[in-house]
Every structure is written in C-alpha cells, then in structure tokens.
Amino acid sequence: MDEEDDNKLKKCRKKRLSGADRRKRLLRLKCCVQNYDWGVIGCNSQVARLFLLNSGCCSLDPRECYAEFWIGTHKSGPSFVVFGRDNNAGAAFGSKPLSLKDWISVDPGAVLGDKVARKWGGDLPFLFKVLSIEKALSIQAHPDKDLARSLNQAQPSIYKDDNHKPEMALALTGFEALCGFISSKELKVVLSSVPEIVELVQCADAEKFSHESEQDGKEKVKQLFESIFSQIMSSNKGIVREAICKLKRRLSLEKKKRQLSAKEQLILRLEGQYPADVGILAAFFLNYVELKPGEALYVGPNEPHAYISGECIECMATSDNVVRAGLTSKKRDVQALLSMLNYKQGFPEILQGVSLNEYTRKYAPPFDEFEVDRCILPQAASVSFPSVPGPSLFLVMSGKGTIVTGYSEEITFQEGEVLFVPAYMEVSITAAAIELHMYRAGVNNRFFGDL
C-alpha cells in the first residue's frame with residue numbers, strides 16, 4: 001500500500017468511526033501470544049488454548065512454548081478489532097488490520113472517558129494477560145517512572161517504553177512465586193543454616209547481622225541486608241557455581257535423612273532448571289508464596305520477584321520493562337537491579353478479592369491503572385456490570401453467554417473471546433446452559449474517587 005492509499009484509508013476510518021456512536025460500540029478483539037521458553041508446551045498451556053480459540057487458527061505447534069496471552073495496546077503485542085464473526089481483523093477497512101490503539105486514537109475521550117484520556121492519552125493504561133508457566137521466570141524488578149524513562153533513553157532496544165510496571169497476578173491454578181524480601185528474623189535463620197551463603201559474604205557483615213536487632217535501627221539493618229544480598233548477586237560466576245554445587249550435594253544428602261523445607265525443595269527444582277545460576281542463591285532471600293485459585297498478589301515498582309509455576313491472570317500498567325539479575329538466559333543488569341530495589345522486608349499482601357455480588361469478586365491493588373473482577377456465573381444466571389467512566393476488557397475463560405449493552409446491542413460470545421467495552425457503557429451478561437468463567441480488567445475505581 002503506497003502513502004496516498006494509506007492516507008485515504010486513515011480518512012475513511014475517521015469518517016466512518018468518529019462521533020458519538022463510538023461510545024456505543026462493543027468490540028471483539030483478536031489478541032497476541034508470546035512464546036517464551038519458560039511457557040507451557042503445546043496444548044497443555046491455557047495460553048495456547050485461548051490463543052487457538054481467539055485467533056481462529058486451525059492448530060498449535062506441539063513443540064512450542066506458549067507463555068503469555070496479551071490483551072491491550074502495547075506495541076510489543078497489540079490487539080486488533082474484529083469485524084463480524086469470522087475473526088477478520090480490520091476487514092471492514094481493507095487489507096490493513098485496525099488495532100485497538102487505532103480505534104481509540106480517533107477519539108480517546110469518547111472511548112476511554114475524558115479523565116482517563118487526559119491522564120494517559122490514547123493508550124489503555126493497563127495491559128491484561130494470561131500466563132502459563134512451566135519453568136521459573138527471572139529474578140527481576142520493574143522500574144519506577146523516573147528510572148523507566150532513563151533506561152528507555154539509554155537502552156531503547158531493551159527497555160522499550162518509558163512507563164513503570166506495577167502488576168498483579170491472580171491465580172487460575174495453584175501458583176508459586178518468589179516475592180519481596182524475607183524478614184530480618186528469617187535471614188538470621190538462613191545465615192545460621194546455609195553455610196554456602198555465608199561463604200560468599202564478608203564474615204563481618206554476616207556476624208553483624210546475626211547480632212543486630214530492630215532496636216539497633218531499621219536503617220542500619222536495611223543497609224546490612226542490602227550489603228549481604230549485593231555481595232551474593234555480585235559474586236564471581238566460578239565461586240557461585242562451586243557454592244551451588246556444595247549446596248546441591250548437601251541438600252541431596254539431607255533429603256535422605258529428613259523432610260526438606262518447602263524453600264529447600266524449591267532450591268533443588270530451580271537448580272534443575274538453571275544450573276549454577278546465582279538466582280538459586282537469591283531465592284533464599286525472597287518470600288516463597290503459594291497461591292490458591294482465586295488468590296492474588298501484587299508487586300510494586302522496584303520490588304524483587306520471580307513467578308515459579310502455574311497459570312494466572314496478570315494485569316499491569318502498560319509497560320514491558322523488566323530488569324533481570326538471575327534465573328534467565330536473557331540479558332542481565334545486576335547493578336541496575338541492586339541499585340533500584342527498595343529492600344522492603346516482609347511477606348506480601350495476599351488479596352482474596354472483595355465480593356461485589358454472589359458471582360463476582362473485585363481485586364483492587366494500590367495502583368491507579370488497573371483492577372480485575374473475577375466472575376463465575378452458573379448456567380442461565382445473569383450479572384450486571386454498571387457504567388464506569390473508564391474502559392473495560394472482558395476475557396472469557398470458559399463457557400458461553402450473551403452480553404447486552406445499555407444501548408440495546410446484544411451479542412453472543414464463547415470461551416476464548418475478548419471484548420472491549422468503552423467508558424460509560426453498562427453491560428448485562430447471562431450464562432448459557434453451562435457455567436461461564438470470565439475476567440474483567442478496568443481502571444482502578446480509586447482513580448475516579450472510589451465510585
């Protein structure tokens with residue numbers, strides 16, 4: 001397509017899609033998949049199943065890892081508008097697909113709501129995902145806004161946007177993660193029971209920490225904690241390899257004599273996935289979290305974490321910035337990670353969700369950009385989602401149903417479908433003859449003043 005034709009297409013889009021009708025339009029979306037090597041292989045992956053149903057593809061590659069299903073406007077995995085029931089993205093406008101971002105950009109205020117558009121422009125402020133995890137993700141953290149801007153300017157090929165990335169993981173299955181630093185009391189236990197850690201740390205620091213108390217000053221304890229963790233992460237690869245070899249040998253022997261702790265069992269699993277990786281030792285410093293389906297945890301900027309296994313709904317600010325330091329074959333930036341961490345200690349808050357009605361629970365982390373609703377409807381049951389001054393995305397995990405808007409538009413949908421609901425649109429959803437399981441992502445109500 002030449003430049004003249006492209007300009008004509010843009011004018012055609014604006015002419016046919018602008019105006020108040022845009023506020024009344026509920027959209028189906030065709031979404032993107034990411035095939036990272038930590039993902040679940042082939043049809044065993046929830047991500048693969050959703051992608052197959054959503055895309056209209058005939059088959060999956062049984063050898064491929066299907067890791068993430070992306071819904072949103074991020075340039076690394078944009079969603080496209082579907083016209084008709086044939087999954088033809090952009091068919092109404094010729095051969096060029098129409099992205100959700102294109103649709104929004106014509107009149108952001110009408111689609112996103114004026115307050116959201118003023119704050120975040122023509123982008124959705126949140127990115128909605130499903131993750132299928134077979135192998136641990138990296139020890140990582142996401143930068144705050146100031147650091148994100150600096151990283152994006154310095155290394156735009158690696159840090160591809162200038163936004164922060166607070167996030168929340170809502171378990172679909174049993175889900176494991178490492179999240180946040182353990183308490184000082186727990187670190188004292190590590191220093192007294194894991195000699196392989198102590199060997200990598202200056203004796204003076206280990207000795208001081210073992211005898212420190214909260215009365216000695218939180219800042220002093222924090223500095224010692226930071227020093228010990230930094231020494232581990234900055235250790236020579238050969239020394240790390242030797243320490244992990246000793247650790248594996250010791251735990252393998254002790255396994256024959258006693259039941260290993262959950263953290264020790266995890267350490268051996270991580271060693272099997274990432275031999276000689278410093279992230280194995282870093283795991284001793286992080287909280288080991290096990291979520292049940294329906295439980296969630298959230299991660300703020302500059303907080304260390306690593307998702308270990310399971311499947312989850314994930315929602316975050318629209319960004320793909322990750323600073324990695326262990327358990328990965330990708331580029332690491334250990335010094336950047338060590339300098340950005342807030343070294344906050346303590347077990348993360350686990351969200352159970354707040355009941356909105358008998359079928360729906362809301363998960364609202366302390367971030368303006370997003371919240372998630374989990375809705376499980378029995379057969380033939382109905383539920384309403386009231387009008388809100390921001391956009392929503394609905395993901396159908398299983399089942400079938402109908403959705404009726406406040407403008408009397410009615411459509412049927414089924415598992416794998418993704419629906420975009422513009423601001424100020426009330427919708428009513430009814431399950432068909434089977435249970436309906438779906439998730440909604442939207443701007444956090446706290447941004448609008450707790451509607």
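Which residues does phenylalanine 285 touch, not counting residues up to four places away in sequence?

## Basis

This is a predicted model, in which local features need pLDDT of at least 70 and side-chain atom pairs count only at pLDDT 80 or more, while totals for chains, interfaces and linings use all residues. Residues are numbered from 1 along each chain as its sequence is written, and side-chain values use heavy atoms, with hydrogens and water left out.

## Nonpolar cores

Phenylalanine 285 touches Gly180, Phe181, Ile182, Leu187, Ile197, Phe225, Ile228, Phe229 and Ile232, where contact means heavy atoms within 4.5 Å. The largest nonpolar core has 54 residues, and Leu178, Ile197, Phe229 and Phe285 are those with the most contacts inside it; helix 10 gives the most to this core, with seven residues. Apart from it lies another core, of 48 residues, including Phe128, Phe367, Leu395 and Val443.

A nonpolar core is a set of buried Ala, Val, Leu, Ile, Met, Phe, Trp, Tyr and Cys residues joined through side-chain atoms within 4.5 Å; buried means under 20% relative accessible area and exposed over 50%, with partly exposed in between (1.4 Å probe, protein chains only).

## Helix 9

Helices (H or I, at least four residues) and strands (E, at least two) are DSSP runs, numbered from the N terminus. In helix 9 (residues 203-211), Asp205, Ala206 and Phe209 are buried. They cover an arc of only 95° around the axis, which puts them on the same side of helix 9, the arc being that of the directions from the helix axis to the C-beta atoms. Helix 7 (184-193), helix 8 (195-198) and helix 10 (218-233) are among what covers these buried residues, whereas the face turned away from the buried side carries the exposed Cys203 and His211.

## Asparagine 163

Asparagine 163 lies in the loop between helix 6 (145-154) and strand 9 (167-171), and its side chain reaches the backbone oxygen of threonine 318 at 3.1 Å.

Conventions:
Polar contact = N/O pair within 3.5 Å; in protein donor to acceptor, adjacent residues only side chain to side chain.
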